[in-house]
Amino acid sequence: PPDKEFDSTYRTKEEANERARYLFHWKNPWGHEPEMIMEEEEVHRSMKGGLVTYCVSPPDSSTWTVAVVPDAAYAHMENATQRRHGYDVDRCRTSSCPNYGLGY
């Protein structure tokens, strides 16, 4: 399985899901504009327990997945790291945000 990088924690599922949408479309590994990501035929969006997962697998590249998981579960995921990715600095992890974590 690929490495999983931690992003942030949020108090509500809605906030975490919004952050996942932002990361998937704006912080993709190819540097594409959101419109290019949305044009991909194979963009998959799914929900489980109110938590969103976005995934795209372009034919000429690797798979890009952004998913929201319960914060407590993240540390137990295979190949997960607690280090924050550092792609942007608009949010950070604090002990006052214990509920939902983003990983990709």
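View 1. A salt bridge is counted when a side-chain nitrogen of Lys or Arg lies within 4 Å of a carboxyl oxygen of Asp or Glu. By this rule there is 1 salt bridge. Arg21 and Glu18 are 3 residues apart in helix 1, so about one helical turn separates them. An α-helix has 3.6 residues a turn, so residues three or four places apart point the same way. Side chains of opposite charge can pair when their charged atoms come close. Arg21 is partly exposed, with a relative accessible area of 40%, and Glu18 is also partly exposed, at 45%. Here buried means under 20% relative accessible area, exposed means over 50%, and partly exposed is in between (1.4 Å probe, protein chains only).

The model is predicted: local features need pLDDT of at least 70, side-chain atom pairs count only at pLDDT 80 or more, and totals for chains, interfaces and linings use all residues. Residues are numbered from 1 along each chain as its sequence is written, and side-chain values use heavy atoms, with hydrogens and water left out.

**View 2. Helix 1, residues 13-26.** Helices (H or I, at least four residues) and strands (E, at least two) are DSSP runs numbered from the N terminus. Helix 1 has 14 residues, which should span 20 Å at 1.5 Å a residue, and its end C-alpha atoms are 20 Å apart, in agreement. The expected span is 1.5 Å times one less than the number of residues. The buried residues of helix 1 are Ala16, Asn17, Arg19, Ala20, Leu23, Phe24 and His25.

**View 3. The hairpin of strand 2 and strand 3.** Strand 2 (residues 44-48) pairs with strand 3 in the antiparallel sense over 5 bridges. Two strands pair if DSSP finds at least two bridges between them. Lys48 stands opposite Leu51 of strand 3. The hairpin has 2 residues between the strands, and Gly49 takes a positive phi near 65°.

**View 4. Strand 3 beside its partner, strand 4.** Strand 3 and strand 4 (residues 64-70) are antiparallel, with 4 bridges. Tyr54 has Val66 of strand 4 as its bridge partner, and Cys55 stands opposite Thr65. In strand 3 (residues 51-56), 5 of the 6 residues are buried, so the strand is largely enclosed by the rest of the structure. Strand 4 is mostly covered, with 5 of its 7 residues buried.

**View 5. Asp3 and Met77.** Asp3 lies in the segment before strand 1 (4-10). Asp3 is exposed, with a relative accessible area of 57%. Although 74 residues separate Asp3 and Met77 in sequence, their C-alpha atoms are 9.8 Å apart in space.

**View 6. The whole chain, for orientation.** The chain has 3 helices and 6 strands, in the order β-α-α-β-β-β-α-β-β along the sequence. Of its 104 residues, 37% are buried. Among contacts with a separation of 6 or more, 67% join residues 24 or more positions apart; contact means heavy atoms within 4.5 Å. The accessible surface comes to about 6,300 Å², and carbon and sulfur atoms hold 52% of that surface. Accessible areas come from the Shrake-Rupley method with a 1.4 Å probe; for residues, only the protein chains shown count as cover.
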